[in-house]
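Please read them with the structure open alongside.

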Amino acid sequence: MRWVLGSAGVLLLVIAGAGAWIYHDLDGNIHAADIDAKLGGDRPANLSPGSKNILVVGSDTREGANAKYGKGLETMQSDTLMLLHIPADRKWATVVSFPRDSWVEIPACDKGDGSRSAVHRFKINEAFSLGGSTGDVASAAACTIKTVESGTGLRVDHFLSLDFEGFKGMVDALGGIEVCPKEPIHDKKAHLDLEAGCQVVRNEKALGYVRTRYSVGDGSDIGRIGRQQEFMEALAEKAQSELTNPKALYGFLQSATKSLTTDSSLAGIKPLYGLASELKGIPRNRLAFLTVPNYPREADVPTDRANVVWQFPQATELFAALAKDKEVDGARVKKLKAAARNPVYASSVRIRVLNGTGGAGRAAEAAKQLGEAGYAVTGTGNAPSPARATRVAYPDGMKAAAAQVASRLPGTHAVRDDDATPGVVTVTIGEDFDRVR
């Protein structure tokens, strides 16, 4: 991100004598999406003034030259989804990737035709296609932002989208990128045939390499994310090596800007260069790339072998750290990886839900949401006394399970209760209950 955006400013200095038309040429390429009105006012607060969260979407819309990758698709598609967190002190940065097969809650969204979708759970990349069902990028971006904000509790400040053709042009302008697959890759869906060993890829092969999934490794979206992160790091290094080559940089930026859509406040060379200036002092060893903790949804729903669910409470802890501007350093990454080896599956947690609000149906409503999230709900009932705040109580031996449940209920903490039913986590719904994350 630093080098891609920073190249714009360097290029402008190098070719300044060639005329202002070059600046206007690049500046006019960038598309703006007015998303503020579509997001509404019910959004998370920025808990760390001065920090920024930028949502980056790789869009594989199938219009024009992109049609070969999936003709017949009727909506806009998103292939890659990342959140870049820039802290207030600009001394470090974290990029969190969200697998496109993440099973999450999709909020009610403006579909771009005057109608709205209903709240439901589905894979996260549906948000972009749902909002962009009529081809409106602003609606696609807004629905994706609302989905990410709802699931993470983080406020998204800016939005960037780059499509297939722009990615290929950026790689080609730099003369290609070297990749070193350990095994041959033959993927018809990604239009890719590569032999094992180091080689330079460009154009369709470069795009196929970052898109390939089923024909390499374990065939998962998680594996593809790892390859994409490695490829983008190599792309950044190659861009850095070409900083003194105006021709390469100009071609690189022409491709990038023509395929770039941003929110209105970032739509221009000047604001992008300003963002790059804020990032230029961040050392590489303090730029962290990671994937949101997750596990196969099959563990909770045996019939679902295609999707993943975020691992709680680790995902919540990651988002809370970023919200409070705490660096995701090596120690925190090691902790996340260690927890990923022994996840607490939602299906392994038995829950009893009690209504402490006095309002009819609140326990049943919460139980339905918890069941949809994969938990084993054993029953519902009324709490012995009113509860203003939602409570999670657990018996001896269920601390980890209770922490997992509490992390799905914003603002709730798990408390041990020696009188709690053995083997069951008790959730008492209070007046503050909103939803299950």
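1. A cavity here is a set of grid points where a 1.4 Å probe fits but cannot get out, and its volume is the space filled by probe spheres set on those points. The model is a predicted one, and with that understood, its largest cavity has a volume of about 210 Å³. The structure holds four cavities of 30 Å³ or more.

2. The lining of the largest cavity comprises 21 residues, and those lying nearest its centre are W103, V104, R121, R408 and R437. Strand β5, helix α5 (137–152) and strand β15 (308–310) each contribute at least two residues to this lining. Both domain 1 (32–341) and domain 2 (346–429) supply at least three lining residues each, so a description of the largest cavity has to take in residues from both domain 1 and domain 2.

3. What is the make-up, by class, of the lining of the largest cavity? There are nine nonpolar, four polar and eight charged residues in the lining.

4. The second largest cavity has a volume of about 70 Å³. Its lining includes A45, N46, L47, S48, S51 and N53, together with H85, G153, L154, R155, L322 and A323. By class, the lining of the second largest cavity divides into five nonpolar residues, six polar residues and one charged residue.

5. Turning to charged pairs, side chains of opposite charge can pair when their charged atoms come close. With a cut-off of 4 Å between a side-chain nitrogen of Lys or Arg and a carboxyl oxygen of Asp or Glu, the count comes to 13 salt bridges.

6. One of these salt bridges joins K38 and D110, whose closest N and O atoms are 3.6 Å apart. Because K38 lies in helix α3 (residues 36–39) and D110 in the loop between β5 (103–106) and β6 (120–123), the pair ties together parts that are 72 residues apart in sequence. Both partners are partly exposed, K38 with a relative accessible area of 25% and D110 at 23% relative accessibility. The pair also belongs to a network of salt bridges in which K38, D110 and D136 are linked.

7. A second salt bridge is formed by E204 and K168, with the closest N and O atoms 2.7 Å apart. Here E204 lies in helix α7 (residues 203–211) and K168 in helix α6 (residues 164–173), so the contact ties together parts that are 36 residues apart in sequence. Is K168 buried or exposed? At 5% relative accessibility K168 counts as buried, since the cut-off for buried is under 20%, whereas E204 is partly exposed, with a relative accessible area of 23%.

8. For E365 the relative accessible area is 36%, which makes E365 partly exposed.

9. Finally, an unreviewed UniProt entry lists residues 348–433 as "domain: LytR/CpsA/Psr regulator C-terminal".

Methods:
Residues numbered from 1 in each chain as written. Predicted model: local features only at pLDDT ≥ 70, side-chain atom pairs only at ≥ 80, totals over all residues. Heavy atoms only, no water. Helix = DSSP H or I, 4+ residues; strand = E, 2+ residues; numbered from the N terminus. Buried < 20%, exposed > 50% of the residue type's maximum accessible area, 1.4 Å probe, protein only. 1 Å grid on protein atoms, 1.4 Å probe; cavity = no way out; pocket = protein on both sides within 12 Å on 5 of 7 lines; lining within 4 Å. Nonpolar A, V, L, I, M, F, W, Y, C, P; charged D, E, K, R; others polar. Domains from an automatic or database assignment. UniProt positions renumbered as here; feature names shortened; annotations may be inferred.
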